[in-house]
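Q: I would like to learn how to read the contact between two chains. Where do I start?

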Number of protein chains: 2
Amino acid sequence: MEKLKQRILKDGQVRNGEVLKVDSFLNHQMDIDLLDEIGAEFQRLFQDENITKILTIEASGIAIACMTARHFHVPVVFAKKAKSLNLDGELYTSKVHSFTYDRDYDITVSKKFIQSDDRILIIDDFMANGKAMDGLIDICHQAHAQVAGIGICIEKGFQGGGDRLRKEGYRLESLAIVESMEPGHIVFR
Amino acid sequence: MEKLKQRILKDGQVRNGEVLKVDSFLNHQMDIDLLDEIGAEFQRLFQDENITKILTIEASGIAIACMTARHFHVPVVFAKKAKSLNLDGELYTSKVHSFTYDRDYDITVSKKFIQSDDRILIIDDFMANGKAMDGLIDICHQAHAQVAGIGICIEKGFQGGGDRLRKEGYRLESLAIVESMEPGHIVFR
């Protein structure tokens, strides 16, 4: 998606080699008109997949998932990263390793919100190693729901998660794939 | 907002006296078409306030803030509940007490995303004691930005946070104010 790539080139900042900061428009401050166009693009890409639900993970995935869901007119479910006192009933749980924080954490989704006849579009802002995505896919499998597609705003291609998932057979569409980056110089695939 | 109240009566569940679960449509699974109508209603209520930015707090506030911002065409900024390794630069920080978890936590916003000439609309899904809202207001004050309005989906009127903020002079609009509740019986103000 050319508009997203141009925005990354304009406002993205590379830190410590592997961190691409896009917090001025994507995941801390959010340019809603851009997110709405991102949502429309995901709808165009996955319009033939009979999507029944969008799944994402808190926190920054929620904005993009919502702005995508409004083009599909389907509900959004977001996986939670910590057990909440108000999350009762039966839960799907999957363990995710965070390289950013170097620790494992559980993600949870209430069982009542994913059904075996759901065709799920998983949406997230970033993909690097794909560990959070593995957890979301695992939850879909536990629910016997179909992963009909995966939509990512920015894939860090050099970290390999996206290519691994494509090899595993998932339909993964990333709107911008960063092949390499250093301060002041970002190269897209 | 009659449609929201009807949905609360239909799908809301009262637990342990003080917990109103609306996780099937508002804050775990989200009915995006309803959220879009909620956003349009906030736009109608605050259209004369020259809103420049919407501020919310992760995680469940993000969905409603985004679906509101799309009607205003202004950016959303969400306060983070934990310090992130990727959140560098100068931060506004405020301490919030959570009654749900009985502990204090810090909320943070990058200083670069709130300016002294901003007119902020603060959006959240719930208001109970108003402690999280106090933190968001504190951050706006630190930035010398104007709190032009506060929009809440569900206010638990019997917990007093909303009335306290109204007395302090804030323009607070709640789409549904629960005056009392017990299992199977919810009364709106």
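Q: Which strand of chain B is joined to strand 5 of chain A, and do the two run parallel or antiparallel?
A: Keep in mind that this is a predicted model. Strand 5 of chain A (residues 76–79) is joined by two bridges to strand 3 of chain B, and the strands run antiparallel. Within this pairing, Val77(A) stands opposite Gln29(B).

Q: What rotation superposes chain B on chain A?
A: A rotation of 180° does, with 0.0 Å of shift along its axis and an RMSD of 0.0 Å. That is the relation of a two-fold axis. The copies meet through the same surface, because 100% of the interface residues of chain B are also interface residues in chain A. Each side is counted separately: 41 residues come from chain B and 41 residues from chain A.

Q: How is the size of an interface often given?
A: The accessible area lost when the parts come together is often used. Here about 3500 Å² is buried between chain B and chain A, with carbon and sulfur atoms giving 58% of that area. Of the area that chain B buries against chain A, 19% is supplied by His28(B), Gln29(B) and Phe113(B), more than by any other three residues.

Q: How many salt bridges and polar contacts are there between chain B and chain A?
A: There are two salt bridges and 10 residue pairs in polar contact. Lys112(A) forms a salt bridge with Asp23(B), with the closest N and O atoms 3.6 Å apart.

Q: Which helix of chain B gives the most to the side that touches chain A?
A: Helix 3 of chain B does, with seven residues. By class, that side of chain B has 19 nonpolar, 11 polar and 11 charged residues.

Notes: Residues numbered from 1 in each chain as written. Chains lettered and ligands numbered in written order. Predicted model: local features only at pLDDT ≥ 70, side-chain atom pairs only at ≥ 80, totals over all residues. Heavy atoms only, no water. Least-squares fit on C-alpha atoms with pLDDT ≥ 70 in both. Contact = heavy atoms within 4.5 Å. Buried area = accessible area lost by both parts, 1.4 Å probe. Salt bridge = Lys/Arg side-chain N within 4 Å of Asp/Glu carboxyl O. Polar contact = N/O pair within 3.5 Å; in protein donor to acceptor, adjacent residues only side chain to side chain. Helix = DSSP H or I, 4+ residues; strand = E, 2+ residues; numbered from the N terminus. Nonpolar A, V, L, I, M, F, W, Y, C, P; charged D, E, K, R; others polar. Pairing = 2+ DSSP bridges.
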